[in-house]
Amino acid sequence: MKGPLVSVVVPVLDEASTVGEALDRLADLPGRFEVIVVDGGSRDGTAELAEEHPLRPHVLRIGRGRARQQNAGAAAARGELLVFLHSDTRLPPDAYASLAEALCDRGLLGGNFDLRFDGDDRFAHVLGRWYAVQRRLGVYYGDSVLWTRTATFSALGGFRPLEIMEDYEFVRRLERLGRTACLPGPVITSGRRWRALGVGRTVISWVVIRWLWLAGVPDRRLARLYRQVR
């Protein structure tokens, strides 16, 4: 198959219930992809399920920590573009075409995808609109599928070893470095961890945690708060 190689890095931890479906979706996507699953120490057989999947992804086993996992996946990647995909997020059918087109624009360093939450209820619609507003302000996170040129990722030194906000911290450095783009997508992500909170408390928790981090509150303390909220 012609076209640039795109490396999809999927960090997982105890995702036995979702990893098979995630790999099924990636196997169905047209395009030239390599898939790297990075397990952070699962105890439910996630890594074994990934190894046995017909897609035959490259499976790495390392210590826990999403930043560490994603850096390890990037180090093993061979593609010109890196895509960091959560296992509960679905890429659109034309993801490869969008990424290949972005790669042709040499001024583009990276970015994310337009994001939608699964479901057709008020929760999904309101959070989707909120995320779109935040994106126009340069605020976005890993659930919207971060992508970047491999060379750019290397120049930025990858993700910092934070317990939380490693995706936003990387995005801030990426945005300062040069031009980014929000590809049309949309990618569809699960809102299962947030639905119990409702729209108001979810948005408030996102805003509060981000501003606490910007104010200098240590990532370890924020990680404890994040776990309590979720």
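Okay, the ground rules. It's a predicted model, where local features need pLDDT of at least 70, side-chain atom pairs count only at pLDDT 80 or more, and totals for chains, interfaces and linings use all residues. Residues are numbered from 1 along each chain as its sequence is written, and side-chain values use heavy atoms, with hydrogens and water left out.

Let's start with the sheet. It's an open one of 8 strands, running β3-β2-β1-β4-β7-β6-β8-β5, with mixed pairing. Pairing takes at least two DSSP bridges between two strands. At the edges you find β3 (58–61) and β5 (89–90); each has a single partner strand, so one side of each has no neighbour in the sheet.

Now look at β1 (residues 6–12) and β2 (residues 33–39): they pair in the parallel sense over 7 bridges. Helix α1 (residues 19–28) packs on the sheet and touches β1, β2 and β5, with its direction at about 165° to that of β2. That angle is taken between N-to-C directions, on a scale from 0 to 180 degrees, using lines fitted to C-alpha atoms, for helices over the stretch in contact. Touching, or contact, means heavy atoms within 4.5 Å.

On to the core. The largest nonpolar core has 65 residues, and Leu26, Leu91, Leu99, Phe113 and Trp147 have the most contacts inside it. Helix α4 (residues 95–104) gives the most to this core, with 6 residues. By nonpolar core I mean buried Ala, Val, Leu, Ile, Met, Phe, Trp, Tyr and Cys residues joined through side-chain atoms within 4.5 Å. Buried is under 20% relative accessible area, exposed is over 50%, and partly exposed is in between, with a 1.4 Å probe and protein chains only. Beyond four places in sequence, Leu26 contacts residues including Val8, Val35 and Leu91. Val8 also has Val35 as its bridge partner in β2.

Last, the threonines. Thr46 sits in helix α2 (residues 46–52) and is buried, at 0% relative accessible area. A polar atom of the Thr46 side chain lies 2.8 Å from the backbone nitrogen of Glu15.

Thr189 is in β8 (residues 179–189), and at 3% relative accessibility it's buried. Its side chain makes a polar contact of 2.9 Å with that of Thr89. A polar contact is a pair of N or O atoms within 3.5 Å; within protein, one must be able to donate a hydrogen and the other to accept it, and residues adjacent in sequence count only if both atoms are side-chain atoms.

Definitions and conventions: Helices (H or I, at least four residues) and strands (E, at least two) are DSSP runs, numbered from the N terminus.
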